[in-house]
Amino acid sequence: MKYNYKVHNLEDGTCCRWIKFDIDEGHNVSSIEFLGGCQGNQKAISTLLQGVKAESIIDKLQHITCGTKRDSCSSELCKGLKEAISLVDGKSNEKEIQN
């Protein structure tokens, strides 16, 4: 399933505006794409997380900050993954989903 997550925490300076990724029924993540932000770091994150379970990504990255900001592109990815897991498991009716 393709999922587009709109970053909501722009006031804290998160550079990324959208995060796109695929997640399957087993919560394996692939094709992560960040729109906005530091391209080199985001390409590295996307490559390293290819095929990793969403829960593992969340456990490792949800509390990452960027400099003095309270948030980061990585922590925003975790928020999007949590939403996508709810959709995959049939627990939500979010409209940002694409089949």
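**View 1. The largest nonpolar core of this predicted model and the residues that touch the most other members.** Of the 23 residues in this core, those touching the most other members are I19, F21, I32, F34, I57, L77 and L81, where a nonpolar core is a set of buried Ala, Val, Leu, Ile, Met, Phe, Trp, Tyr and Cys residues joined through side-chain atoms within 4.5 Å, and buried means under 20% relative accessible area (1.4 Å probe, protein chains only). At least two residues of the core come from each of β1, β2, β3 (29-35), α2 (54-61) and α3 (73-88), with helices (H or I, at least four residues) and strands (E, at least two) being DSSP runs numbered from the N terminus. The most is given by α3, with 7 residues. Residues are numbered from 1 along each chain as its sequence is written, and side-chain values use heavy atoms, without hydrogens and water. Because the model is predicted, local features need pLDDT of at least 70 and side-chain atom pairs count only at pLDDT 80 or more, whereas totals for chains, interfaces and linings use all residues.

**View 2. The surroundings of F21.** F21 is buried, with a relative accessible area of 2%. Leaving aside residues up to four places away in sequence, F21 touches, among others, V29, I32, L77 and L81, contact meaning heavy atoms within 4.5 Å.

**View 3. The contact of α2 with α3.** A54, E55, I57, I58 and L61 in α2 meet S74, S75, L77, C78, L81, K82 and I85 in α3. By class, this contact has 8 nonpolar, 2 polar and 2 charged residues, counting Ala, Val, Leu, Ile, Met, Phe, Trp, Tyr, Cys and Pro as nonpolar, Asp, Glu, Lys and Arg as charged, and the others, Gly among them, as polar.

Methods:
Buried means under 20% relative accessible area, exposed over 50%, partly exposed in between (1.4 Å probe, protein chains only).
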